[in-house]
Amino acid sequence: MTIVTFNEKVYATVKNIPCGKVATYGQVALMSGKRGAARAVGNALHVNPEPYVIPCHRVVNAQGRLAPSFAFGGADVQRRLLEGEGVRVADGTVDLEKYQWRG
């Protein structure tokens, strides 16, 4: 399959984030070929066609904060999914020094 759209590139990038790690929206944008397109990444993940295949819960903001309106159930669901993978979430934030994927 040839990846042609930005959203498809985002989904392919997010699929590569390992279990127990997170990436930022900006990082995913850069890795998807559009530096500075963090909002576009958020928009793509909000319409994620395969939420249990494309692990959008592993994407956080530049400060490590969870999405306040995580598209698939809210920040509490995102927190539970991350904690289930061994990622510690404190006050709605992930320690990027410890958990950020350096892919």
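Which residue forms a salt bridge with Arg58, and how far apart are the closest N and O atoms?

**Entry 1. Arg58.** I looked this up in a predicted model. The partner is Glu85, and the closest N and O atoms of the pair are 2.8 Å apart. I then placed both residues along the chain. Arg58 sits in the loop between H3 and strand E2 (59–60), while Glu85 sits in the loop between helix H4 (75–84) and strand E3 (89–90).

**Entry 2. Salt-bridge count.** I next asked how many salt bridges the model contains. The count comes to four.

**Entry 3. Helix H4.** I turned to the charged side chains of this helix. Asp76 and Arg80 meet in a salt bridge, at 2.6 Å from N to O. Both residues belong to helix H4 and are four residues apart, about one turn of the helix. I found Asp76 to be partly exposed, at 37% relative accessibility. Arg80, with a relative accessible area of 45%, is also partly exposed.

I recorded a second pair in helix H4, Glu83 with Arg79. Their salt bridge has its closest N and O atoms 2.7 Å apart. Here too the spacing is four residues, about one turn of the helix. Glu83 counts as partly exposed at 36% relative accessibility, and Arg79 is partly exposed at 26%.

I then asked which residues are linked in a network of salt bridges. The network consists of Asp76, Arg79, Arg80 and Glu83.

**Entry 4. Helices H1 and H3.** I finally examined how two helices pack. Helix H1 spans residues 6–15 and helix H3 spans residues 38–46. Their packing angle is about 80 degrees, and their axes lie 10 Å apart. H1 is therefore roughly perpendicular to H3, since angles of 65 to 115 degrees fall in that class.

I listed the residues that make the contact. H1 contributes Phe6, Asn7, Val10, Tyr11 and Val14. H3 contributes Ala40, Val41, Ala44 and Leu45. I also sorted the contact of H1 with H3 by class: eight residues are nonpolar, one is polar and none is charged.

Key: Residues are numbered from 1 along each chain as its sequence is written. This is a predicted model: local features need pLDDT of at least 70, side-chain atom pairs count only at pLDDT 80 or more; totals for chains, interfaces and linings use all residues. Side-chain values use heavy atoms; hydrogens and water are left out. Axes are lines fitted to C-alpha atoms, for helices over the stretch in contact, and angles run from 0 to 180 degrees between N-to-C directions. Angles under 35 degrees count as roughly parallel, over 145 as roughly antiparallel, 65 to 115 as roughly perpendicular and the rest as oblique. Contact means heavy atoms within 4.5 Å. Ala, Val, Leu, Ile, Met, Phe, Trp, Tyr, Cys and Pro count as nonpolar, Asp, Glu, Lys and Arg as charged, and the others, Gly among them, as polar. Buried means under 20% relative accessible area, exposed over 50%, partly exposed in between (1.4 Å probe, protein chains only).
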